[in-house]
Amino acid sequence: MNAATYTGALELAAGAVLVSAVMTLWRRQVRTIVTMLSLQGISLAAVALILAAHEHDGALALTGLLVLIVKGVIVPGLLRRIARLDPRSRETTPLVNVPASLVFAAVLIVLSYVVSARVTSVAPSVATRMVPIGVATVLVGYFMLVTRRRAVSKVVGLILVDNGIALVTFLLTSGVPLIVELGSSLDVLLVVVVLQFLVINMGEQLRRSELDQMKELHD
Amino acid sequence: MTLLLVGLGFCLLGVLTSALPRTYRVPVTASCAALGCALAFCAAMRVLVTGDTVSFHTTLILPLNGFAMTLDPLGALFIVATALVGFASCVYCIGYVRGELQSRSAMGLFVAFILSLLAVPAASSIATLMLFWELMAVSSMLLIVVEHRHRREARDAALWYGVMTQLGAASILLGLLLLTLRGGGQTFTEIKSHADALSPIVRSSAFMLVLLGFASKAGAVPLHVWLPKAHPEAPSPVSAMMSSSMVAMGVYGIIRVGDDLLHGGTVWWWIAVVALGTLSALYGALHATTSTDIKRLLAYSTIDILGLVLIGVGAAGALRDTGHPAVAQLALMAALLLVVAHAGFKGALFLGAGAVERATGTRDLDQLGGLIHRMPVTTTIFALSACSIMAVPTLSGFSSEWLLLQGLLHGFTDASTPTLIALLVGIVALALTGGLTAVAFVKALGIGFLGQARTLGAVNATEVAPTMQIAMALLGAVSIVLGLVPGLVVPLINRAAQSGLSRSTMSPLARGTGLVLAQLRGAIQPAFLFVGAAAVLVAVWLINRRLVHRSARRVDAWGCGRDVQTARMQYTATSFGEPLQRVFADVLRPQSDVELTHVAESRYYEQSLKYQNQVSDAVEQFGYRPVIDAVLRGGKAARRIQNGSIHRYLAFGFVALLVVLVVLA
Amino acid sequence: MTSSFTATLAYSMPASALQIVLVALGGPLLLGLMAKIRARAEGRVGAPISQPLKDIRKLLSKERLHARHASVVLPLAPIVILAATAVAIGIAPLITTHPALGASADILVIVYLLLTGSVAGALAGLDTGTAFGGMGASRAMTIGALAEPALLVAVIALSIQAGTSNLPAIVSSTLAHPNWVSGPSRLLALVALVIVIIAETGRLPVDNPATHLELTMIHEAMILEYAGPELALVTLGGAMRLGLLFSLVANLFFPWGIGSNGSLVGLLVGVLALALKTSVIAVGVSLIEIHSAKLRLFRLPELLAGAFVMSVLAVITGLVTR
């Protein structure tokens, strides 16, 4: 793989991670959001695979494949099933409205470029230059976690955070040990499974899955 | 220099002639002031063309170091802009003045105000600067209350303005005095030579204090609250002067102190300036889209444009020491060109608004309409200036915004991260305000001057006096000249920018009628574009002559089959701006009220419907009100110790004396 | 100096004139093509592709009618729209990278020429003194105010890469650096621009060009009082605007085929390439249209804010991956 193709491909894949993160804030349809999440998983895997191909690192390639399967296929598939359980699958009234969230996301992205400027300046390379994208994904995910009402959206936010961290580690250390990635992926999977039970139970009890309603379970 | 002094002398004469009897007062006074402006214009132009700096110093007028004036190209550019608007306003006055402004004191104050505006950019010592600065502040404050008998709002506006401007002046004075700490004298040359000896902390705090004062004069958000109150309440020629010249003095001050006296300082100063500018540009543009009072709309648009100017000034400051001197100069030139262009179109717009108010008795857009049929000249000039502010190509607003974009865009090459973000934010602000300004001015023009007349006042309007038309046309012409052949003034603003940055580098723009970047790629040739548009029109006409030759038949408007289209059915200014008001409700925080009364018999038929919509300034409401309330509460509490008993007052003095003695011992 | 002058006279000016004529004819054809695709998708035969051109010709021969309260603005606006759009088309790099006045073909010039057209249209809407005119003007200006920044910032993302805001220069440097096209910055800018041109040309899901339902009209409400030759000019202006925006997107993101060496053959290839590229975009946009319903007016800011954030992201990624 020559240098220009490597740079271009890496930029494209990392860019896709960020764009899909922003898209999850933009769209309201839960189905679309989950599709974006799966796109993000695939792009994340692509980042890992491109890095692996560039550095001839077998373990990293294996991690990439794992990410592809878990975050690109299994997790989105499960989330899609959960979304289907819920009759009204739209994020209707987020705590912060959509245009404002988008503008805030832009601010977060600028912020992440500022804070990671020092990191990138330590070891300037094609890979480290993309680190801000990972940081931005983490911040956007956290923002989504805070401002979205629906349970599924909150989990999506959590997964965004996880994907962002994974991206940063891929880029900085050229790959996490396989066992760590395996562990974190299983964590995410577990969260999704728990969510499924939660939503099913809430659906039976309250016919909706907005977490604001959780207070009522108290009584 | 003599020319400028003679000009100022004529203004002074104007102040005296305002004591003449009523019949001669206005023409004589206004002519004196106009002549003064013309002379000042010539003096400043000579400095700009030759590039020589001239100065004048006397110990006669002021005590201590005396009275020092220096006319350098930077100050001269601001004098040119002021003199243009001043001249036009004086000519306008001759036809306009009636009622309150005709009084002795009002005319005198008006001329004194012009005098101070002409003198501020030439002042070259702290004492001289503050003398004229205070004259400017006091005379304009009194001019705001001239019509207070008819409008109660004027008193409130003057109070706001008075407090804000005095706080600003105190802040400026404090900042400038800080600069004299290390043995420097109080003239600008002395400060300049000692500036590098000061510690960075002193320099930074001095700049921040000065910035606070000047930015509040330039209407920068969040120090702008006085501006949309004060500018509309003053008589229109005064509003024109305030909005096109006085706010520019704030910009002048920032450039003079930051770039000239302190040689640029650190990048953070200028990033603060860009931040202020961005905030103002967006906030001003947004509020302009929802304002329904034509002068209030213009005042908010002043905040918007001055915000863009500050972005240019800030970008120039941030880039000046980064190895891009040419780009820094470009950005500063853009800011200066925008100041001059703004003086032209905003002056014309305010004078136009005054003409509308004179002819119809109102400045509420919701009560106007159809003025194009009754006031064609005023409408044409207002439309031209509105097009200029909307940055229609081949007019002055466009030339200056293009130059500003170039300054920001070319700064991107290897700038540091903070500067990069500042430039990016500036570009985003420039892009966002463009569309919003268009909405505001389509509203002002379309609702105010087109369509059907909404009230009797608008129906009975007639064209205003010829002197007023001439004054407006004069300022309208500035838009055309700076728009079609901006290259002509490039050498002048280049000289001003050089003297501002105290550098003599090559001009970043090539010679010619258009604007052509010398070392970088980028150019516009508005005159050629205009010719191109004309060629297209000729071609269309040649192809289809019937379009022009066949006369049109007048019919009732169709309106989707609606029979009668009354004036009340038209969209109003409120409804025109409503969609944007709703989109930006989080920022604007509008208060809407719908009151519905039903017919007694049935709930399904309403008897009357009342809709109220008010957009008040959110910064004022949430930033200033709490402070004012706290001060008032403090004042009330303090009143308790004042019960009118003379014994108690004497006791206070005695106790204080004892305390002082104890402390000293 | 003389040689460049003769080159301008012999090549650039005819090329610019050709561009204007091409878009004036091609814009309506693109409209016809999009209508045809929609008709086919709905199972109808639909009008021939040349129908918009025939409509314009027919309208030109009709009587001029002006609303009673209208002023000189009403007949003047179509001319301003036409002239502003035509100048923008003439100087933009559509079939050649050396159009007449190409040095002045700055992003800001093009964007503000288009804005001038919108302003003229909105003023004409208000000039009629009717409820619908004002409604259309207000809505069109609102959408324009939100779409314009996204448009400007998206193109600025490209100009940062090229180091200039001059459009022919951007196109030429893209030709010289083919790998720019697949960069993330370009792709983000492309997404933003597609949304913006849908909004700026009044297509679904922003505005429904076919509707005459009173409360859903935007552009149609604004031009409701136009009839005869003036309606023809307004329609033609709108079609040319669409043609210009489609061509710009085509050439900024896929410049190949544009005439860059000043030869006649290059010009002809440029014409063919432009026709092909804009037709592809037209097909794409009409596919989007077929699959979407009109959005509520107050959902539009969300869409345009998305486009704006995309374009800001394009600038940021452009700056970082420089």
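Predicted model: local features only at pLDDT ≥ 70, side-chain atom pairs only at ≥ 80, totals over all residues.
Where domain 1 and domain 2 of chain B meet, domain 1 supplies 48 residues to the contact and domain 2 supplies 56. On the domain 1 side, the elements giving two or more residues are helix 3 (73-96), helix 8 (200-217), helix 9 (227-233) and helix 10 (236-261) of chain B. Helix 10 of chain B gives the most to this side, with 15 residues. Sorted by class, the domain 1 side holds 29 nonpolar, 16 polar and 3 charged residues.

## Helix pairs inside chain B

Let's look at two pairs of helices in chain B. Two packed helices are described by the angle between their axes and the distance between the axes.

Start with helix 13 (residues 325-360) and helix 15 (residues 376-389) of chain B, whose axes come within 9 Å and cross at roughly 145°. This crossing is left-handed. From helix 13 of chain B, the residues making the contact include B:Phe345, B:Leu349 and B:Val356, and from helix 15 of chain B they include B:Ile381, B:Phe382 and B:Ile389. The contact between helix 13 and helix 15 of chain B has 9 nonpolar residues, 4 polar ones and no charged ones.

Now turn to helix 17 (residues 417-449) and helix 23 (residues 573-583) of chain B, which pack at an angle of about 165° with their axes 10 Å apart. Because of that angle, helix 17 of chain B counts as roughly antiparallel to helix 23 of chain B. Helix 17 of chain B passes helix 23 of chain B in a right-handed crossing. Here B:Val439, B:Lys443 and B:Ile447 of helix 17 meet B:Ala573, B:Phe576, B:Gly577 and B:Leu580 of helix 23. The residues of this contact divide into 5 nonpolar, 1 polar and 1 charged.

## Where chain B meets chain C

Helix 17 and helix 23 of chain B turn up again at the boundary with chain C. There, 65 residues of chain B are in contact with 69 residues of chain C. Other elements giving two or more residues to the chain B side include helix 16 (396-410), helix 21 (526-543) and strand 5 (553-555) of chain B.

Which element of chain B gives the most to the side that touches chain C? It is helix 17 of chain B, with 15 residues. By class, the chain B side has 43 nonpolar, 15 polar and 7 charged residues.

Strands also link these two chains: strand 5 of chain B pairs with strand 1 (residues 65-67) of chain C in the parallel sense, over 3 bridges. For a spot to look at, B:Arg554 stands opposite C:His66 in strand 1 of chain C.

## Where chain C meets chain A

Chain C also touches chain A, with 16 residues of chain C in contact with 19 residues of chain A. On the chain C side, the elements giving two or more residues are helix 7 (184-200) and helix 11 (300-320) of chain C. Helix 11 of chain C provides the largest share of that side, 10 residues. The chain C side is made up of 9 nonpolar, 6 polar and 1 charged residues.

Conventions. Residues numbered from 1 in each chain as written. Chains lettered and ligands numbered in written order. Contact = placed C-beta atoms within 7 Å. Helix = DSSP H or I, 4+ residues; strand = E, 2+ residues; numbered from the N terminus. Nonpolar A, V, L, I, M, F, W, Y, C, P; charged D, E, K, R; others polar. Axes fitted to C-alpha atoms, helices over the stretch in contact; angles between N-to-C directions. Parallel < 35°, antiparallel > 145°, perpendicular 65-115°, else oblique. Left-handed = near helix turned anticlockwise from the far one by under 90°. Pairing = 2+ DSSP bridges.
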